Amino acid sequence: IVLSALCLVMLAGCGVSKPSRFYILTPVAGEDTLAMTGTAPSLGIGPVRFPAYLERPEIVHRSGDNQLHYAGTQRWAEPLKNGFNRILAENLSVLLPTDQVALHPWSRASLPDYQVVLDVTRFDADSSGTDLNKVLAYAVQQGITGAVLTGFTGRRTDHTLWNLSQLTVFADRLRLCHVDDHCWIHLVRAG
């Protein structure tokens, strides 16, 4: 009887697993569109290269400079590279003055006027700051002295306030302007 009870307890523990959660990338809202039709230049996206460690369904978390963890129950609902390319094209068609955005590969008969080639070096989650903070710090490392930021609100007040605070955080290293359909926000220096 004791052996039977022990076996039942062990089997019950084996049958419990945490359900998977699936995530997708989402585009910026379409109401801020700047797109023009007709004579607007066409834009080609790609090729886009990702590191091999991201070619799996689990979301990658970084802990430290050299350690990665794959979140077994946190998964991409589609291959990350496919979703990234699709959302990038959708976002650029909303944020740039063109609705002629194509994904690589394209036919020789429909070569784009401009091409964006990307080499994604990281696309992992960590707790060392916001995405905007990381991008601006990287820009400083690359010697960039100014940037115009669009689509920075995230449609949430806390995101908007945090992103606006970056004007002062990076004031001594970058000239930043936040731009949307309604305003142009930049830091005004005294004097």
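Biologist: Is F50 buried or exposed in this model?
Modeller: The model is a predicted one. F50 has a relative accessible area of 11%. Buried means under 20% relative accessible area, so F50 counts as buried.

Biologist: Is F84 buried or exposed?
Modeller: The relative accessible area of F84 is 16%. The limit for a buried residue is under 20%, and F84 is therefore buried.

Biologist: How are the ring planes of F50 and F84 arranged?
Modeller: The count of aromatic pairs comes to one. In this pair, the ring centres of F50 and F84 lie 5.1 Å apart, and the planes meet at 85 degrees. Planes over 60 degrees apart count as edge-to-face, so the arrangement of F50 and F84 is edge-to-face.

Biologist: Which strands are joined to β2, and by how many bridges?
Modeller: Strand β5 runs parallel to β2 and is joined to it by three bridges; here G44 stands opposite A102. Strand β6 also runs parallel to β2, with R49 opposite D119. The bridges from β2 number three to β5 and five to β6.

Biologist: Why is strand β2 described as largely enclosed?
Modeller: Strand β2 covers residues 43-49. It is largely enclosed by the rest of the structure because the buried residues number five of the seven.

Biologist: Which residue lies over the face of Y70?
Modeller: The distance to the ring centre of Y70 is 3.7 Å. The residue over this face is R56.

Terms used
Residues are numbered from 1 along each chain as its sequence is written. This is a predicted model: local features need pLDDT of at least 70, side-chain atom pairs count only at pLDDT 80 or more; totals for chains, interfaces and linings use all residues. Side-chain values use heavy atoms; hydrogens and water are left out. Buried means under 20% relative accessible area, exposed over 50%, partly exposed in between (1.4 Å probe, protein chains only). Helices (H or I, at least four residues) and strands (E, at least two) are DSSP runs, numbered from the N terminus. Two strands pair if DSSP finds at least two bridges between them. Rings of Phe, Tyr and Trp (its six-membered ring) pair if their centres lie within 6.5 Å; planes under 30 degrees apart count as stacked, over 60 as edge-to-face and the rest as tilted. A charge sits over a ring if NZ of Lys or CZ of Arg is within 6 Å of the ring centre and within 35 degrees of the ring normal.
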